[in-house]
Amino acid sequence: QVQLVESGGGSVGAGGSLRLSCVGSGRTFSNYRIGWFRQAPGKERETVAAIHWTGLRTIYADSVKGRFTISRDNGKNTAYLQMNNLKPEDTAVYYCAAGGQRSESLNSLRLTSEGMDYWGKGTLVTVAS
């Protein structure tokens, strides 16, 4: 089991920035790929970004490319989502999730919730226009 706790959400105006953190405990955090997901009211969950267990590859949804940056510090069992130039349409509950295994290749990284076995409870981000 891996327990994940998100933090860093809040309310900002359009154009503002926030940094979300996802702290893992339990089984070895560094073994897993990490994804950030979001769900706005009345909408389906969207995969925002993902990072390989090594940290050497990242991928992003088109909607956030160039504005969001995913990173991880395996020494601190923590993943981050730096969000810049926020827009009202970024308003959602943001979740981090962990999954996969240490043997996964860099090319296997995908924007998907498939195989994400462990989820945090989420943190709310509200962007005012």
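N85 is found in the loop between strand 8 and strand 9, where strands are DSSP runs of E of at least two residues and helices are runs of H or I of at least four, numbered from the N terminus. The model is predicted, so local features need pLDDT of at least 70 and side-chain atom pairs count only at pLDDT 80 or more, while totals for chains, interfaces and linings use all residues. Residues are numbered from 1 along each chain as its sequence is written, and side-chain values use heavy atoms, with hydrogens and water left out.

**Residues with positive phi**
- Most residues other than glycine have a negative phi.
- N85 has a phi near 50°, a positive value.
- N85 counts as partly exposed because its relative accessibility is 42%; buried means under 20%, exposed over 50%, and partly exposed in between (1.4 Å probe, protein chains only).
- N77 lies in the loop between strand 7 (68-73) and strand 8 (78-83), and its phi is near 55°, also positive.
- At 30% relative accessibility, N77 is partly exposed.

**Q101**
- Q101 sits in the loop between strand 9 (92-99) and strand 10 (116-119).
- Leaving aside residues up to four places away in sequence, Q101 touches N31 and W53, a contact being heavy atoms within 4.5 Å.
- Q101 and V64 are 37 residues apart in sequence and 26 Å apart in space, C-alpha to C-alpha.

**Whole chain**
- The protein chain has 0 helices and 11 strands.
- Of its 129 residues, 43% count as buried.
- The C-alpha trace spans about 45 × 25 × 25 Å along its principal axes.
- Among contacts between residues at least 6 apart in sequence, 63% join residues at least 24 apart.
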